[in-house]
Amino acid sequence: MTSRAPARPGSPTWGRRLLPVLLLVALMWTVEVVDLVLPLPLDQFGIRPRDTGHVAGIVLSPFLHLGFGHLMTNTVSLLLLGGLLALTTRHLWLVTAGVVLVGGLGVWLLGGPGTVHIGASGVVYGYAAFLAVYGFVSRHLWRGLVGVLVVVLYGSMLWGVLPLREGVSWQAHLFGALAGVALAVWLGRQDRAALRRR
């Protein structure tokens with residue numbers, strides 16, 4: 001007769017690690033349904049560059065989408081990249097908050113005048129950039145392999161940081177990716193130093 005070893009306290013199962021990603025995506029879908037039902041278009045609460053009356057758009061914009069097609073495109077990438085981030089690091093919430101705030105602030109400061117930026121694609125770019133860099137900075141083999149996988153699967157996203165398509169917020173992509181790289185370097189160095197101290 002065999003029995004399973006009890007799970008170590010403080011080590012969440014993969015299901016508990018993925019739950020925050022699922023909750024974020026569920027919140028985005030809920031907001032889009034509400035936007036469809038209400039007579040007030042919620043998309044107006046996105047990022048309006050340099051408009052001091054709409055600073056809250058920095059936080060709200062990732063939860064607003066231009067219809068279910070736009071949301072579905074972001075959902076697939078958020079689930080995959082967010083899931084990888086949640087399963088391979090302990091930094092999901094910190095990376096998400098950092099990408100939303102730093103990336104959103106970049107859009108607010110340098111976005112085109114008279115534009116409104118919505119959608120979670122900046123978060124997608126932030127997650128992808130973080131995963132591509134973090135494993136190498138932390139010098140962790142498994143996370144480095146995840147980084148290689150992300151580069152192979154999402155390397156073509158690099159074109160999205162350039163102003164090539166009208167109506168696409170390349171600024172959100174660019175600043176989300178830059179925030180992801182900065183967070184990967186910072187957290188990767190911290191985690192590498194912590195590993196050395198053990």
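How many salt bridges does the structure hold? The structure holds 1 salt bridge, a term that here requires a side-chain nitrogen of Lys or Arg within 4 Å of a carboxyl oxygen of Asp or Glu.

## Basis of the description

This is a predicted model, in which local features need pLDDT of at least 70 and side-chain atom pairs count only at pLDDT 80 or more, while totals for chains, interfaces and linings use all residues. Residues are numbered from 1 along each chain as its sequence is written, and side-chain values use heavy atoms, with hydrogens and water left out.

## The salt bridge

The partners are Asp 191 and Arg 90, whose closest N and O atoms are 3.7 Å apart. Asp 191 belongs to helix α7 (residues 170-197) and Arg 90 to the loop between α3 and α4 (92-110), so the pair ties together parts that are 101 residues apart in sequence. Helices are DSSP runs (H or I, at least four residues), numbered from the N terminus.

Asp 191 counts as buried, at 15% relative accessibility, whereas Arg 90 is exposed, with a relative accessible area of 65%. Buried means under 20% relative accessible area and exposed means over 50%, with partly exposed in between (1.4 Å probe, protein chains only).

## Aromatic pairs

The structure holds 2 aromatic pairs, where rings of Phe, Tyr and Trp (its six-membered ring) pair if their centres lie within 6.5 Å, and planes under 30 degrees apart count as stacked, over 60 as edge-to-face and the rest as tilted. Trp 29 and Phe 68 form a stacked pair, 5.6 Å centre to centre with 25° between the planes. This pair links distant parts of the chain, since Trp 29 lies in helix α1 (residues 14-37) and Phe 68 in helix α3 (residues 68-88), 39 residues apart. Trp 29 is partly exposed at 25% relative accessible area, and Phe 68 is likewise partly exposed at 31%.

Phe 130 and Tyr 134 form a pair that is also stacked, with 5.0 Å between centres and 15° between the planes. These two residues are 4 residues apart in helix α5 (residues 121-138), a separation of about one helical turn. Phe 130 is buried, with a relative accessible area of 0%, and Tyr 134 counts as buried at 2%.

## Packing of α3 against α5

The axes of α3 and α5 come within 9 Å and cross at roughly 35°; axes are lines fitted to C-alpha atoms, for helices over the stretch in contact, and angles run from 0 to 180 degrees between N-to-C directions. The crossing is left-handed, meaning that the near helix is turned anticlockwise from the far one by less than a right angle.

Contact means heavy atoms within 4.5 Å, and the residues of α3 that meet α5 include Asn 74, Leu 78, Leu 81 and Leu 85. On the α5 side, the residues in this contact include Val 124, Tyr 127 and Phe 130. By class, the contact of α3 with α5 has 10 nonpolar, 5 polar and no charged residues, with Ala, Val, Leu, Ile, Met, Phe, Trp, Tyr, Cys and Pro counted as nonpolar, Asp, Glu, Lys and Arg as charged, and the others, Gly among them, as polar.

Thr 75 lies in helix α3 and counts as buried at 7% relative accessibility. Not counting residues up to four places away in sequence, Thr 75 touches Val 25 and Trp 29.

Gln 171 lies in helix α7 and counts as buried at 8% relative accessibility. Beyond four places away in sequence, Gln 171 touches Val 107, Leu 110, Gly 111, Gly 112 and His 117. Gln 171 and Gly 112 are 59 residues apart in sequence and 8.8 Å apart in space, C-alpha to C-alpha.
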